[in-house]
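The following exercises are to be worked with the sequence and the model at hand. Each task is followed by a solution in steps.

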Amino acid sequence: MTKGMLDNQNRKIVITLLLMMVLIGLSGVVSWKISRMEREACWEELHQSVTQIGNQLEVKIQGDRELLESIATIIAGLDSVESSEVQNIINRFYPQTMISYIEILLPGDRVMLPSKPIQNVEGLLSFEEEAALGEHISGRSVDIRHKDRMVFRNFVPIEKNGKVVAMLYGVVDLSSLSKQFRTTSYGGQMATYLIDGDTGDFLVDTLHKRLGNTAEFKDQKQNTGYSYESKQQVVFDEVEGCYVVASNDEGKYLYYYEPISINNWRVAISISDGVAFSRLNQINELLIRFIMIEGAFLAVYFIWILGKTKNELLEKQKLAENDVLTGLLNRNCYEEKLTKYPAECKESVACVYADVNGLHEVNNTQGHEAGDRMLQTVAKVMLDSFLEGDVYRVGGDEFVAFAKDLTEDHIRGRMELMEAILKERGYYVSMGMGIQEMPVDMESLIKTAEKEMYQEKDRYYVQLGENRR
């Protein structure tokens, strides 16, 4: 096999390998981009969920505010805020949105309650403080009638002659508000929260049975890259953000926060990252499988290419070293391997030189196909006779065989047997032999065999009465 042939095949293998690496690299880049786009889509879905909840809350509170303003206008038109007519309005109020019932805060820190006498709430509510704030929403506090119930109040002033004479407010029961915040998003596996950014108090918590404060989660195990301080920054500063904690059950838990326009409140959701990014995980799994299958196919293809290349190399090597007609080693191979024989022998090297007699006549009288069959027959018989050695076709009708570490008598016996076999088939060859013990001079060895072959050839033609020397 020539160095050029080997280099050419190696070049093909390297190019194929590079193309495979480029294809896998492109697949990896495309998969990474798809994964990144899907991750962004998952985050956008989380953002939209929080935004939707915040928008719904703002709409409901604004609707409550408009309803309270209408009631406050009606009450302001009556003779007295503490009249039976006003008491009837409070008693007959029917919850329509988030408000459970309405009450009126009167001067002197007194409160008109539904179906109850006016009560003194000094220390719990201050008329002067609430009136000074005008329309506003309070933070989390205890209900007047039910001390175990947490509420917030939506205040609207009742004015007469430009003066605030009372504060009408709607009471929002936080236990019922949590039920309104429950959502079917993510298969109902998402918890919703409403947090007061000024105090850290939970106004809504659909995950836990009680309303707590963010400070209670100070000792909660933080996920890598997050800290309690970073959570506090998201909760108390008016910024949108995400916070991740470790969960014994779910592995990682996502908290996503977004400020809304009411007070300094935050709407938040929490969800396992396995749920939030389930679609992403499925896509990543499919992409990994695709790349693995692609890699397997490319590996099989590369192995096939290697096998095909090897077969091509063997075929080209065979064409480069073997005679096409007879299958014997050719003259190029003969010249390449000639100097290697002395190193492969222990005692001696023998050379048998053979020349086919009458090839020219057979070609002229019977055609070249008959001449080819003649050469093929001689080649097969010679190869069978010197199977453990190397047999070459070095010319049109000339053959050379080498035998290693065999005696002269043994080799001449093979030559005689070869002549006899060919004679039975109507073919004749002239053969000569040279043999040398180590060290061997290959040039003189071949010349000895060639000289003896020509002597035999002369005797053959003399016997036929033809002198064609």
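A residue counts as buried when its relative accessible area is under 20%, and as exposed when that value is over 50%. The model examined here is a predicted one.

**Exercise 1. The chain as a whole**

Task: Determine how many helices and strands the chain has, and what share of its residues is buried.

Solution: The secondary structure consists of 13 helices and 16 strands. The chain has 469 residues, and 44% of them are buried. Turning to contacts with a separation of 6 or more, one finds that 59% are accounted for by residues 24 or more positions apart.

**Exercise 2. Met21**

Task: Decide whether Met21 is buried or exposed.

Solution: First, locate the residue: Met21 lies in helix 1, which covers residues 3-76. Next, take its relative accessibility, 53%; because the cut-off for exposed is over 50%, Met21 counts as exposed. Finally, consider a residue 274 positions away along the chain: the C-alpha atom of Gly295 is 9.6 Å from that of Met21.

**Exercise 3. Helix 13**

Task: Compare the span of helix 13 with the expected one, and state which of its residues are buried.

Solution: Helix 13 contains 22 residues, and the distance from its first C-alpha to its last is 32 Å, close to the 32 Å expected at 1.5 Å a residue. Its buried residues are Met442, Leu445, Ile446, Ala449, Glu452, Met453, Lys457, Tyr460 and Tyr461. An α-helix has 3.6 residues a turn, so residues three or four places apart point the same way. The partners against which the buried residues of helix 13 pack include strand 13 (348-357), strand 15 (398-404), helix 12 and strand 16.

**Exercise 4. The largest pocket**

Task: Describe the volume and the lining of the largest pocket.

Solution: The volume is about 270 Å³. The lining comprises 14 residues, of which Asn357, Glu419, Tyr428, Val429 and Tyr460 are the closest to the centre. By class, seven lining residues are nonpolar, three polar and four charged. Helix 12 (408-424), strand 16 (428-437) and helix 13 (442-463) each contribute at least two residues to this lining.

**Exercise 5. Aromatic pairs**

Task: Classify the ring pair of Tyr193 and Phe202.

Solution: The structure has 11 aromatic pairs. In the pair of Tyr193 and Phe202, the ring centres are 5.8 Å apart and the planes stand at 65°; since planes over 60 degrees apart count as edge-to-face, the pair is edge-to-face. Both Tyr193 and Phe202 are buried. Elsewhere, ring pairs join Tyr334, Tyr341, Tyr392 and Phe402 into a cluster.

Technical notes. Residues are numbered from 1 along each chain as its sequence is written. This is a predicted model: local features need pLDDT of at least 70, side-chain atom pairs count only at pLDDT 80 or more; totals for chains, interfaces and linings use all residues. Side-chain values use heavy atoms; hydrogens and water are left out. On a 1 Å grid over the protein atoms alone, a cavity is a set of points where a 1.4 Å probe fits but cannot get out, and a pocket is an open set with protein on both sides within 12 Å along at least five of seven lines; lining residues have an atom within 4 Å of a point. Grid points are joined across faces, edges and corners, and a volume is the space filled by probe spheres set on the points. Helices (H or I, at least four residues) and strands (E, at least two) are DSSP runs, numbered from the N terminus. Ala, Val, Leu, Ile, Met, Phe, Trp, Tyr, Cys and Pro count as nonpolar, Asp, Glu, Lys and Arg as charged, and the others, Gly among them, as polar. Buried means under 20% relative accessible area, exposed over 50%, partly exposed in between (1.4 Å probe, protein chains only). The expected span of a helix is 1.5 Å times one less than its number of residues. Contact means heavy atoms within 4.5 Å. Rings of Phe, Tyr and Trp (its six-membered ring) pair if their centres lie within 6.5 Å; planes under 30 degrees apart count as stacked, over 60 as edge-to-face and the rest as tilted.
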